[in-house]
Amino acid sequence: MGRNTQPPVGADTFHGRDWFAPVAVRLVRSEPVALDQVEADSCVGYDWPARLEEVIYIDTFGNLITGVPVDALGRAQVLRLGGRALRHAHTFAEVPEGQAFWHDNSLGLLELSVNQGSAAEVLGLTVGDPLPFSI
């Protein structure tokens, strides 16, 4: 990826966090806004397997980030978990409050979320738990 270009894919959510906030910080610091190339081996987790079917991180909102690339799924895929049917949504607003769903996160990974709630609490999963559904 060269300077001043976007990555080939992006998430449907969190552009403010992933794109605009870092640019705002650079502007405030009077730093150039051009993108810098990052070598893969300098990133934490670069040596992880291409597919890790477990919860790898829980953010402060209780969203469950998995190690599964979303390209392994079709968006019509329904994930069955503890009597719940989790469907794909592009944004949190596409599902009713309190409903669990899955989406593509900004890293291209499968993320489990609950609109206005904690997926970790609702689904009862924690870091290191294997995914209780097959993909």
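**Reading the fold**

Mentor: Start with contacts: of those in the protein chain with a separation of 6 or more, 51% are between residues 24 or more positions apart. Keep in mind that this is a predicted model.

Trainee: OK. How many helices and strands are there in the protein chain?

Mentor: The protein chain has two helices and six strands. Reading from the N terminus, the order is α-β-β-β-β-β-β-α.

Trainee: And what percentage of the residues count as buried?

Mentor: 33% of the 135 residues in the protein chain.

Trainee: Which residues have the most contacts inside the largest nonpolar core?

Mentor: Leu64, Leu86, Trp102, Leu110, Leu112 and Leu123, in a core of 19 residues. Two or more residues of this core come from each of β2 (64-69), β3 (79-81), β5 (100-104), β6 and α2.

Trainee: Where is Ser30?

Mentor: In the loop between α1 (15-28) and β1 (52-58). Ser30 counts as exposed because its relative accessibility is 67%, and the cut-off for exposed is over 50%.

Trainee: What about Gln116, buried or exposed?

Mentor: Exposed, because its relative accessibility is 65%. Gln116 also has a positive phi of about 60 degrees without being a glycine. Its loop runs between β6 (109-114) and α2 (119-123).

Trainee: Last one: how much accessible surface does the protein chain have?

Mentor: About 8,400 Å², with 54% of that belonging to carbon and sulfur atoms.

Terms used
Residues numbered from 1 in each chain as written. Predicted model: local features only at pLDDT ≥ 70, side-chain atom pairs only at ≥ 80, totals over all residues. Heavy atoms only, no water. Helix = DSSP H or I, 4+ residues; strand = E, 2+ residues; numbered from the N terminus. Buried < 20%, exposed > 50% of the residue type's maximum accessible area, 1.4 Å probe, protein only. Core = buried A, V, L, I, M, F, W, Y, C linked by side-chain atoms within 4.5 Å. Contact = heavy atoms within 4.5 Å. Areas by Shrake-Rupley, 256 points an atom, 1.4 Å probe, with all protein chains shown as cover.
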